[in-house]
Structures are given as C-alpha cells and as structure tokens.
Amino acid sequence: MDIKDIIKPENLVYRRTPLLTDKPLSYCPGCGHGTIHRIIMEVIEEMNIQDKTIGIAPVGCSVLAYEFMDIDMQQAAHGRATALATAIKRLLPDRFVFTYQGDGDLAAIGTAETIHACNRGENFIIFFVNNGIYGMTGGQMAPTTLPGMKASTCPFGRDTKIMGNPLKITELVAQLPGTYYVTRQAVHTPNAVRKAKKAVRNAFEYSKLNKGLCFIEFVSNCNSGWKMNAVQANKWMEENMFPFYPLGDIKVPQPEKV
Amino acid sequence: MGELRLMKGNEAFAEACIRAGVDAYFGYPITPQSEVIEYLMAAKPYETTGMVVLQAESEIASINMCYGAAGAGFLPATSSSSPGISLKMEGISYMAGAELPLIILNVVRGGPGLGDIQPAQSDYFQATKGGGHGDYRLYVLAPSSVQEMSDFVLIAKEIAFKYRNPVMILSDGVIGQMMEKVELFDPIPRRTIEEVEKQCPWATTGKKPNRQRNIITSLDLDPYRQEKHVLKLYEKYKRMEQEDVRYEEIQVSDAEYLLVAYGSSARICQKTVDLARVEGIKLGLLRAITLFPFPGKRIAELAKQVKGILAVEMSTGQLVEDVKLSVNCSVPVYHFGRTGGVIHTPTEVLDAVKNLLMK
Ligand SMILES: Cc1ncc(C[n+]2csc(CCOP(=O)(O)OP(=O)(O)O)c2C)c(N)n1
Ligand code: SF4
C-alpha cells in the first residue's frame, strides 16, 4: 500500500492543532509542559473560542508559552499571573481567561495572589503544573518538592525539619468558597491525557457560568531537574508523586449548580 | 466653569480618575492616601462608567492587576504611599518594559522603612531615577495644589498613551490631605471595547482572525534584540525631554537668586519669594512640574542670570543633584530642606537664602 492511500481524512487519528504555532517547543524531550499546552489549545480549538481567550504565561520553563500558543497572551512577573488575569477578566467579562503556572510561580512567590484570586472567586482558569522542582533555574527545591527528594538546594534530599513540608496548595484552594472546580490530573499516559483533556474542557465550560475559579493541577515531570530520562521520570512520578498528590477531582460542582 | 468642590487632594485625584474615563483602579490602603480607594468605593463608578475598582491583597497584586488591565488596552490607575510604592516597583519596571500606559499616584511620607505618616519628598530618586530595575524612566508630574491633583490626571492620561509608558504623579502628604477648592473638569466617557481595540491594536483583547496574536511581554532573551528594545525606550525618554517638559516660573525675570522646588515645597517657597521681595531681595522660584523630564535646560539658562541657586525639598538632598547637573558648576548650588516628615517654613527657607545663597 502506498503512503498516499493512507493519508486520508478517514484515517486521521492525530493532528496537531493549528492553535499551536510552528515554533519548536523549548521544553526538554519528555517534559509534560508540551502535552499540557497541546490539550489546552485543542480544547480552545474545539470550542472555537480562539478569538475570546486570553492566556497568561508565568515565569518558569513555560515563560515562553506565548511563543507556542496562537492566542493573545500576556507574560507576568514571577508569581503574579492571577493578578493580571483578575484585571483582564473583570474588564473583559465575556472572554475566557487562563493562567498557566509552575509550582514555584503559583505556590511559592505567588501564593498570596493565588489564594486571593481563588478566594475572590475570580472567573478564570488556573492551570497549575506541579513538577516538584524549579525547572527553569536549574532544579532547585520547590514548595512541592517531596520529603527526601533531592534538588540542587537540598542536595541530600528535602529535610522537612529544616526545609518545611511540601505544600498541597490544590487541597488548600479547594477549601475556599471562591473555587468552583478543583481537580488534579496528569499527562503521562494516553489515558491520563484523555482524562486531563476532559478536565480542561470542563474548566472552560464551567468558566462560562461565572460561578468561580476553576483550578486544574497537572502533576508533571521534570526529567532534566530530576536528573532522569523521560521514561524513568514518568515511572518515578507514578511511584512517588502520585501517592503524595493523588489524581482525581477534589471539588466538583453539584449537578443542580451546573 | 466646571463644577466647584471643596476636596482633599486624594479625593480630587479619585474623582478625576472617574471623570477622565480611567478604566480601572487597583489599590491597597496606606496612610496618607487611603482616601483614594475609600472615595472610589463610595462613588461606585462601576455602576455608572463601568470603571473597575478593586482593593487588592497587596501593592504587588494591585500593580500587577494594572499590568493585566493595561495589556488588554485599558487605562489603569493605582495609588499608594512610599512603602507601598517600593513594593510596586517590580511591576512598574515590567510595565515600562512592556510599554504599558499607567497612572501611579505616590503620596509620599517620611522614610526610609516604615518611617512615619507625615509629608516628605524623599522618594524623588525612586521616582525619577528608576526605583525598579533596568533602563527605564517614568514620566513624573509633581502637583502642588489640590487642583493639580485633579488636572494632572488628564495630563497623565495623555502622556501614558502618547508614549505607552507609566506616568507617576509624585505628591506628598500635604497635597494629599489638605482641602482646597477644586474646579472639576467635565466627565469624559470611557472608551468602548471597539475604541480600545482601535486605539490599542497591540492589546490582548482576543485574537481576531484578521490579525496576528498580540503578546504583552517585557522578555526578550536575545541580548541584541533586548538592546534594540532598550534603545527604543531611551528614544521615548529623549522625546519626552524635547516635547513634554513642564515648569512654572515665579518672579524670575529680575531674580538675582533662584529657588528650585516642586510640590508642596514649591508652595512654601512661593511665600518665601514674597517675604524676600518685601525685604528687597530679588528672589525668584522655578517650580519643576515634571521631575522627569527635568526642566534642566531652563535652569541652566537662569543660571546665567542669577548669583546662586537653592534647591528646596523635604529631603536631605535629591532634587539638588539634578539642579547641579543642569547648571554644571556655572553658579553655586545649595540645598535646604527639612526631612523625615518635618515641613520647612517660608522663614526657614528665607534664612537659608540669606545664610547660604547671599553669604
Ligand atoms: C522575582 C523573581 N525571582 C526569581 C526569579 C527566578 N526564577 C525564574 S523561574 C523560577 C522558578 C520556576 O519554577 P516553577 O514555577 O516551578 O516552573 P518550572 O520552571 O518548574 O516549570 C525562578 C525562581 C525570577 N525570574 N523572578
Ligand atoms: S527543565 Fe524540567 S520543566 Fe523545564 S522543560 Fe526541562 S523537563 Fe520540562
């Protein structure tokens, strides 16, 4: 069979969404950021809301997210993405607004902005990529680094007596009345990607209701920072990250509310 | 004649923001400027003009809310006093880098640190030389009356869009807190979203099929492109110096001695000039209205005519450095001023004129 006979619309099983630009991703091979970008852009394409969506890039490995996502975007100072999103959504209430943030950005330097945006019930979406480390700056300890886990600023492993405990910020924000939908997902297997994409779709649909903040954590990997190859990193994530950060919905809207 | 009201400076600023069609105000309480947000919350412009008003969780959040609003093409305003302005500095630097319009009011109090809550002019360096990191400048206006707390909002709006650059109104506790008669300008409607998109084709309002995506960022990792960007900003600041210097002259035509001051200190110096004239001393005053761009050229011209210059400011000497740079040692330049929240009196200034300038 000739390749031309195979390239037919009915045989199409995967295509890159045109909402991802042609720019090669700056992420390390095997890093979760790229997949998370893709599913967000796929949902925006499927909902046909490219002209109504504004994204906020953080400081972290995804600082250049605006190079890859073909939508209007702003790049925030470290930790402040939700402050930007608050203003944009309040001034343009019919737009979809999301932030895309790492654990250092969202749960260390930006903790106050995160909690208060959630608590005010701002009507935007937070995509939170938790890889347990500072990827961009070379693998330092993050607020979500696991006990005993090594990083360049805890080279002997995180000693919780000295360095404090990892922060489960997702459980924390779920307690606040302003959050409407809080879930924890991953993108390490095709099945997980499907579930995560469903959650992204839910978040965009819910954000139409103006009932509060939608918060999706992606437990992700950082093979470079963890000093592993991509396969080892995903395995390590399943064995170590998932028990501490269990996947699944944490706060779901009650049916009558939807 | 516009509507007349008796108002505090802080209230006049708040009312002027509503009337100027400012799109959003984000703030955090701190003395002596909390009346700004209190006034706005009581006026509820969100029910009339649609202006967003929000008390943020910190000055850091409020300046970054301003960044988001401005990046979407809207004109935001924020206000604070010295310690809070320090917290805003990172965001201000980002906004200068991303070339975003903004109105910032600093109602300066004594410092450093928590200092006190009395009026001061000790944030001159921070306002005019940077404050945040990087190669940038703010356009800095110094009001010296409650009237100007209102009027300068219109100038700030025009300049913020003309240069796509943050504008700071550098006030102090005297101007913020005192009550004076104000003639308010007639309200200007806020722009519609269509007008926003037309005026700011660069804004992130949602990517339409007929244009490229819009990106608001201060980041460019390529040093050669970053250098180009910084030089482009520098050209804007040079243009401000060509086109938008503002100052006021009081009794300078025959002056033998010159005071240079701004804000409430200039108000005090005006009285000093009157006192000096009664005694036959030919004293004049140059009041800097823009602190950046600094009216240095004009001061240099006046230096040819006078025997000496006294910079009078409520600090240990910040403005005086710009005066010295402007006259380039052609005449003696001295400094006088109380600091830490203490306000000098007209006679104290006159004594300094006699003891320093006329010695
Ligand atoms: C104010 C400020 N402090 C520190 C930094 C340096 N910095 C850049 S990215 C980063 C951590 C990012 O980690 P995370 O948010 O977990 O994202 P990741 O890179 O892992 O995706 C830090 C500390 C900065 N850019 N700005
Ligand atoms: S450093 Fe880590 S988080 Fe950053 S791109 Fe590489 S793998 Fe991903």
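Helix α1 covers residues 9-19 and helix α2 residues 35-43 of chain B, and the two pack at an angle of about 45 degrees with their axes 8 Å apart. Here an axis is a line fitted to C-alpha atoms, for helices over the stretch in contact, and angles run from 0 to 180 degrees between N-to-C directions. Helices (H or I, at least four residues) and strands (E, at least two) are DSSP runs, numbered from the N terminus.

This is a predicted model, in which local features need pLDDT of at least 70 and side-chain atom pairs count only at pLDDT 80 or more, while totals for chains, interfaces and linings use all residues. Residues are numbered from 1 along each chain as its sequence is written, chains are lettered from A and ligands numbered from 1 in the order in which they are written, and side-chain values use heavy atoms, with hydrogens and water left out.

On the α1(B) side the contact (heavy atoms within 4.5 Å) includes Phe13(B) and Ile18(B), which meet residues of α2(B), among them Tyr39(B) and Leu40(B). These contact residues divide into seven nonpolar, one polar and three charged, where Ala, Val, Leu, Ile, Met, Phe, Trp, Tyr, Cys and Pro count as nonpolar, Asp, Glu, Lys and Arg as charged, and the others, Gly among them, as polar.

A second pair in chain B is formed by α10 (residues 263-278) and α13 (residues 346-357), whose axes come within 8 Å and cross at roughly 60 degrees. That angle makes α10(B) oblique to α13(B), and their crossing is right-handed. Among the residues that meet here are Leu275(B) of α10(B) and Pro346(B) of α13(B).

Another pair joins the two chains: the axes of α4 (residues 81-91) of chain A and α3 (residues 59-71) of chain B come within 7 Å and cross at roughly 50 degrees. This crossing, too, is right-handed. The contact is made by residues including Leu84(A) and Ile88(A) of α4(A) and Met65(B) and Tyr67(B) of α3(B), and by class it has nine nonpolar, three polar and no charged residues.

**Ligands**

Ligand 1 lies between chains A and B. Of the 17 residues around ligand 1 (a heavy atom within 4 Å), Cys61(A), Asp103(A), Asp105(A), Gly135(A) and Met136(A) come nearest. The table lists polar contacts of this ligand, that is, pairs of N or O atoms within 3.5 Å.

| Backbone atom of | Distance to an oxygen atom of ligand 1 |
|---|---|
| Cys61(A) | 2.8 Å |
| Gly104(A) | 3.0 Å |
| Gly135(A) | 2.8 Å |

Residues around ligand 2 include Cys61(A), Gly135(A) and Cys222(A), and the shell around ligand 2 has five nonpolar, five polar and no charged residues.

**Backbone details in chain B**

The peptide bond from Thr31(B) to Pro32(B) is cis, with omega near 5 degrees, and Pro32(B) lies in the loop between β2 (24-27) and α2. A cis peptide bond also joins Gly111(B) and Pro112(B), with omega about 15 degrees.

Technical notes
Left-handed = near helix turned anticlockwise from the far one by under 90°. Polar contact = N/O pair within 3.5 Å; in protein donor to acceptor, adjacent residues only side chain to side chain. Parallel < 35°, antiparallel > 145°, perpendicular 65-115°, else oblique.
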